[in-house]
Each structure stands twice: as structure tokens, then as C-alpha cells.
Amino acid sequence: MNYELTKVVFATNNKNKLAEIREMLAGSGIEVLSLADIGCHADIPETSPTIEGNAIQKAQYVFDNYHISCFADDTGLEVTALGGAPGVYSARYAGGEGHDSEANMAKLLGELNGKSDRSAQFRTAIALILEGDGEPKLFEGIVKGEIITEKRGGEGFGYDPIFRPEGYDKTFAELGHEIKNKISHRARAVIKLVEYLKNAR
């Protein structure tokens, strides 16, 4: 690398994700900027048919328009009995514009009604594009588990109340943020990203 990496943009509007990354990179000498920090208020497109494609698309948009090192993530729930669905469409599985978690969970439980194989996995892809390089690098995190038959737990978001990770008898929504953030798909991808960024200095 032919330059000193001191700043990187996280292409997200999720304050919780931003805080988590900043905490993990504390003391590294790398400042994590938000989209607001660079004056980006655009509705960044996510039109790829794959999780990796969406992550690259978001990172590429920021890199092309603001010319600064950046990374973006995308996540999907992949259910074996449904051929990997909802996958890239996880956030809008039930249709409509917004992220209606209740409707998404209801649809998924309905689709799995009567099916014996309830195995599933959450998968996160993070795309990183660095100045002086320009080629996207991908980091993946996966957590395997199963879809239970009814919602349990009040924490988390999305499909957390119906996803039980392997090795646990509780759903993500029952385990709470502290444990989930240590074992989750996104945490696993973020750890790989952070290690790479620290070594990139």
C-alpha cells in the first residue's frame, strides 16, 4: 500500500453498526466516518441480485462519488428448504417498500409450515475499497442455525426472534445484544475486516 490509511467511510446510516465498528478500531489510528460526516445523504442503490453485489455497489458508489476509502455491508437470511430464500430480499421479503419485520417473519413461518428441514444461515458480506487500490475486497461472516416455529425474545431486530444459532438453546432475540454481537454473522465479517484494516496501516 502506497499511502497511510487514516480514515475510512462506513457506508451505512445505522448508528449502532457505526458505533460497534468505531469501538473495534479504537486505538488503531483509523478514523471511521459516517455517510453524514462526508455529506452523503443520497439513497444509495441496492439493486444487485446477490448480497456480495449489494455490498460492492454501495461501497463503489461512495468511492466513485467521494474518492475516499470506504466499506459497506449487506446481510441475508438463507433458508435451506426454501432454496436459499429470502437471501438478498430478506429485508423486503413480504413485499412493500419498508422493512416490515413482523410481516417478513409471518411469511417465512408460513412458507416453512409442515417442512421438517428448518436449517438456515445468516450471511454477511462486507466490501472494502481502498484509495490507491480501487479493487473491492470481500469479507464474509456466516452463522448457521435453524428457524423455530414461533417468535421468542424481545431484543434484536429483523428475523432475530425466530432464528436459533447453532450451539444455543435461545434465539438471537433472547440472547441479547452483547452475546449476539460476539457470535453473529456480521461480527465474524467485521472481525476479518478490522484485522485487514489494522494490517493495512
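Modeller: S3 and S4 form a hairpin in which six residues separate the two strands, and Gly83 in the turn has a positive phi of about 65°. Strands (E, at least two residues) and helices (H or I, at least four) are DSSP runs numbered from the N terminus. The model is predicted: local features need pLDDT of at least 70 and side-chain atom pairs pLDDT 80 or more, while totals for chains, interfaces and linings use all residues. Residues are numbered from 1 along each chain as its sequence is written, and side-chain values use heavy atoms, with hydrogens and water left out.

Strand S3 covers residues 70-79, and nine of these 10 residues are buried, so the strand is largely enclosed by the rest of the structure. Buried means under 20% relative accessible area and exposed over 50%, with partly exposed in between (1.4 Å probe, protein chains only).

The partners of S3 come next; two strands pair if DSSP finds at least two bridges between them. With strand S1 (residues 7-10), S3 pairs in the parallel sense over two bridges, and Phe10 stands opposite Phe71 in S3. With strand S5 (residues 119-129), the pairing is antiparallel and runs over 10 bridges; here Val79 stands opposite Ala120 in S5.

Which residue of the model does UniProt list for "binding site"? The record, an unreviewed entry, lists Asp74; such annotations may be inferred rather than shown by experiment, and UniProt positions are given in the numbering used here, with feature names shortened. Asp74 is found in strand S3 and counts as buried because its relative accessibility is 11%. Neighbours within four places in sequence aside, Asp74 is in contact (heavy atoms within 4.5 Å) with Glu46, Ile51, Asn54, Ala55, Lys58, Val88, Arg123, Thr124 and Ala125. With Asn54, its side chain also makes a polar contact of 3.1 Å. Such a contact is a pair of N or O atoms within 3.5 Å; within protein, one must be able to donate a hydrogen and the other to accept it, and residues adjacent in sequence count only if both atoms are side-chain atoms.

Ser90 counts as buried because its relative accessibility is 7%. Its contacts, residues up to four places away in sequence not counted, are Gly76, Leu77, Asn104 and Tyr159.

At the start of H1, a side-chain oxygen of Asn14 reaches to within 3.0 Å of the backbone nitrogen of Lys17.
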